[in-house]
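Colleague: I would like to learn how to read a model like this one feature by feature. Could you take me through it slowly, giving the general idea before each case?

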Amino acid sequence: MPSKLVKAIIDNAVIISAVESKQIVNKAVKIHGLSPVAAVALGRALTMAALMGKELKNKRDYLSATINGDGPLGKITVCADGEGHVKGDVINPSCPTVLKADGTLDVGSAVGKNGSITVVKDIGLKQPYVGMSKLINGEIAGDFAYYYAKSEQQPCGITLGVGLNNKSCKSAGGVFVQVMPDCPSELLSKIETIMYAMDEMSYQFDGSTAKEVISRFFGEFNPVFTEETDVVYKCDCSKRKIDGIVKSLGADEAYGIVDEMGFIEIKCHFCGKKYTYDKTAVDKIFGNEI
């Protein structure tokens with residue numbers, strides 16, 4: 001079953017997006033062989049990518065977000081498009097698990113508390129939009145909320161959660177609350193109070209849909225649900241794109257690798273698919289086929 005993303009609006013002043021992302025996280029775990037702390041960190045980032053992707057206006061619009069901390073997990077990269085497709089990877093998928101004093105996973109230490117988030121959006125303009133902010137605590141949700149406040153001047157609330165069962169994800173999801181400039185102060189105060197109480201989001205999505213989570217927390221405000229869409233983990237790599245990577249090596253280096261190894265093999269970081277090029281394939285790329 002695809003993950004579901006739901007949007008709702010309250011009094012034309014607050015927009016709420018929520019996504020149940022268990023399927024997305026489990027696909028990432030399967031592809032990358034993630035350790036528990038890597039699964040939670042990348043899972044939270046993928047959940048956020050799904051929520052951000054829904055903000056894109058057109059199907060061909062595309063964004064990538066890079067979380068580059070100083071922890072042992074290494075750089076996290078997630079991508080999303082306007083069609084509900086997300087993908088991601090992490091430099092150290094087998095990062096050892098570290099626990100906090102209360103026994104929960106220490107995602108912040110794995111990601112690192114020093115570093116930055118960089119968001120690149122290709123929305124059909126001459127140049128892509130690039131935004132950046134520093135990491136706050138490496139726990140992902142607060143880091144993205146800070147990014148929106150500082151880089152996009154958009155006050156918001158973000159909460160993300162991934163719950164594990166052995167080596168798989170049993171529940172995952174996130175809520176993204178955006179406040180319009182004319183939001184009444186009394187409503188804003190109430191929304192902020194609810195957001196502060198929305199801890200451990202993985203439990204909230206355990207057996208609940210995104211719509212049910214919104215209703216549970218914001219039902220008193222009679223939210224109007226505006227749309228529900230599918231979100232899936234899907235890589236858009238293709239032979240044409242990988243051909244371009246081989247061509248970028250240059251003929252001398254490409255043929256040098258083939259002479260030494262017998263072939264060129266390129267593995268997609270996002271889906272694990274391998275592309276193999278022997279001399280005949282390299283000839284085709286460089287126009288030397290006889």
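This is a predicted model: local features need pLDDT of at least 70, side-chain atom pairs count only at pLDDT 80 or more; totals for chains, interfaces and linings use all residues.

Colleague: Let us begin with charged pairs. How many salt bridges does a search of the whole structure find?

Modeller: The general idea is that side chains of opposite charge can pair when their charged atoms come close. Here the search of the whole structure finds 11 salt bridges. One of them joins Lys-100 to Glu-139, with the closest N and O atoms 3.3 Å apart, and this pair links distant parts of the chain, since Lys-100 sits in the loop between E5 and helix H3 while Glu-139 sits in the loop between strand E7 and H4, 39 residues apart. Lys-100 is partly exposed, at a relative accessible area of 34%, whereas Glu-139 counts as buried at 18%, the cut-off for buried being under 20%.

Colleague: Which residues are four residues apart in helix H5?

Modeller: Those are Glu-186 and Lys-190, which are separated by about one helical turn because they lie four residues apart in H5. They form a salt bridge whose closest N and O atoms are 3.6 Å apart; Glu-186 is exposed at 56%, and Lys-190 is partly exposed at 39%. In helix H8, Asp-243 and Lys-239 are likewise four residues apart, about one turn of the helix, and their side chains meet in a salt bridge of 3.2 Å, N to O. Salt bridges that share partners also join Arg-44, Lys-100 and Glu-139 into one network.

Colleague: Which side chain of opposite charge is nearest to Asp-89, which has no salt bridge?

Modeller: The nearest is Lys-75, at 7.4 Å, and Asp-89 is buried yet has no salt bridge, as the cut-off for such a bridge is 4 Å between nitrogen and oxygen. Asp-89 belongs to strand E5, and, once neighbours within four places in sequence are left aside, its contacts include His-32, Leu-42, Lys-75 and Phe-270.

Colleague: Turning to the backbone, where does Gln-153 lie?

Modeller: As a general idea, most residues other than glycine have a negative phi. Gln-153 has a positive phi of about 50 degrees although it is not a glycine, and Gln-153 lies in the loop between helix H4 and strand E8, where it is exposed with a relative accessible area of 58%. Asn-222 also has a positive phi, near 50 degrees; Asn-222 is placed in the loop between helix H7 and strand E10 and is exposed at 61%.

Colleague: And for a pair of helices, at roughly what angle do the axes of H9 and H10 cross?

Modeller: The axes of H9 and H10 come within 10 Å and cross at roughly 170 degrees. That makes H9 roughly antiparallel to H10, because angles over 145 degrees count as such. The contact is made by Ala-251, Ala-254, Tyr-255 and Val-258 of H9 together with Lys-279, Val-282, Asp-283 and Phe-286 of H10, and these residues divide into six nonpolar, no polar and two charged.

Colleague: Lastly, is Val-162 buried or exposed?

Modeller: Val-162, in strand E8, counts as buried at 9% relative accessibility, and, apart from neighbours within four places in sequence, its contacts include Val-25, Ala-39, Cys-169 and Ser-202. Lys-274, in strand E12, is exposed at 51% and touches Glu-265, Ile-266 and Lys-267, not counting residues up to four places away in sequence.

Conventions
Residues are numbered from 1 along each chain as its sequence is written. Side-chain values use heavy atoms; hydrogens and water are left out. Axes are lines fitted to C-alpha atoms, for helices over the stretch in contact, and angles run from 0 to 180 degrees between N-to-C directions. Helices (H or I, at least four residues) and strands (E, at least two) are DSSP runs, numbered from the N terminus. Angles under 35 degrees count as roughly parallel, over 145 as roughly antiparallel, 65 to 115 as roughly perpendicular and the rest as oblique. Contact means heavy atoms within 4.5 Å. Ala, Val, Leu, Ile, Met, Phe, Trp, Tyr, Cys and Pro count as nonpolar, Asp, Glu, Lys and Arg as charged, and the others, Gly among them, as polar. Buried means under 20% relative accessible area, exposed over 50%, partly exposed in between (1.4 Å probe, protein chains only). Lys and Arg count as positive and Asp and Glu as negative; His and the chain ends are not counted.
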